[in-house]
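Here is a short briefing to read with the model open beside you. Take a moment to find your way around the chain before going on.

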Amino acid sequence: MRGNYTSVYLRKEFDVSDASLVAGLLLEAQFDDGFNAWINGHYVGGGNVSSDEIPFDGVARSQAGDDLSFRPTTLPNPSLYLVTGQNVLAVQMLNDSISGSSDAWFDARL
């Protein structure tokens, strides 16, 4: 990414057998430097970002460092966006600058 771009977009499909049985969701993410996340186009959270709408050439708020712990985010009411069958988790992963960051990574569990 260094010198070329500050964000990467990721998508992961997942199946839910009965969305009406899901009372709550927890997104746990490891990231460097920041991210925004959506499920089925509904914004559900982020980390180390200034807004839920960051352009493709935007940046994370600051350098996050190499914290490898999964950081939890309790997601809003799943009945607003989760469906029975196929769902999509979409992520915008962001670096803190176009030239200063030597790495970028993202991992999540839902």
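Predicted model: local features only at pLDDT ≥ 70, side-chain atom pairs only at ≥ 80, totals over all residues.

Residues are numbered from 1 along each chain as its sequence is written, and side-chain values use heavy atoms, with hydrogens and water left out.

**The nonpolar core**

- The largest nonpolar core has 16 residues, and those with the most contacts inside it are Phe35, Ala37, Ile39, Leu75, Tyr81, Leu82 and Leu89.
- Such a core is a set of buried Ala, Val, Leu, Ile, Met, Phe, Trp, Tyr and Cys residues joined through side-chain atoms within 4.5 Å; buried means under 20% relative accessible area, exposed over 50%, and partly exposed in between (1.4 Å probe, protein chains only).
- Ile39 is in contact (heavy atoms within 4.5 Å) with Phe14, Leu25, Val44, Leu75, Tyr81, Leu82, Val88, Leu89 and Leu110, leaving aside neighbours within four places in sequence.

**The largest pocket**

- About 190 Å³ of space lies in the largest pocket, the volume being the space filled by probe spheres set on grid points that are joined across faces, edges and corners.
- A pocket is an open set of points on a 1 Å grid over the protein atoms alone, where a 1.4 Å probe fits, with protein on both sides within 12 Å along at least five of seven lines; lining residues have an atom within 4 Å of a point.
- Among the lining residues are Leu10, Lys12, Phe14, Leu89 and Phe106.
- Strand E1 (7-16), E6 and strand E7 (105-109) each supply at least two lining residues, and the largest share, 5 residues, comes from E1.

**Asn87**

- Asn87 sits in strand E6 (residues 85-94) and counts as buried because its relative accessibility is 0%.
- Its side chain reaches the backbone oxygen of Val83 at 2.8 Å and that of Gly85 at 3.0 Å.
- Beyond neighbours within four places in sequence, the contacts of Asn87 include Lys12, Phe14, Asn40 and Tyr81.

**Asp107**

- Asp107 belongs to strand E7; strands are DSSP runs of at least two residues, numbered from the N terminus.
- With 36% relative accessibility, Asp107 counts as partly exposed.
- Not counting residues up to four places away in sequence, Asp107 touches Glu28, Ala29, Gln30 and Phe70.
- Asp107 and Ala37 are 70 residues apart in sequence and 12 Å apart in space, C-alpha to C-alpha.

Conventions. Helix = DSSP H or I, 4+ residues; strand = E, 2+ residues; numbered from the N terminus. Polar contact = N/O pair within 3.5 Å; in protein donor to acceptor, adjacent residues only side chain to side chain.
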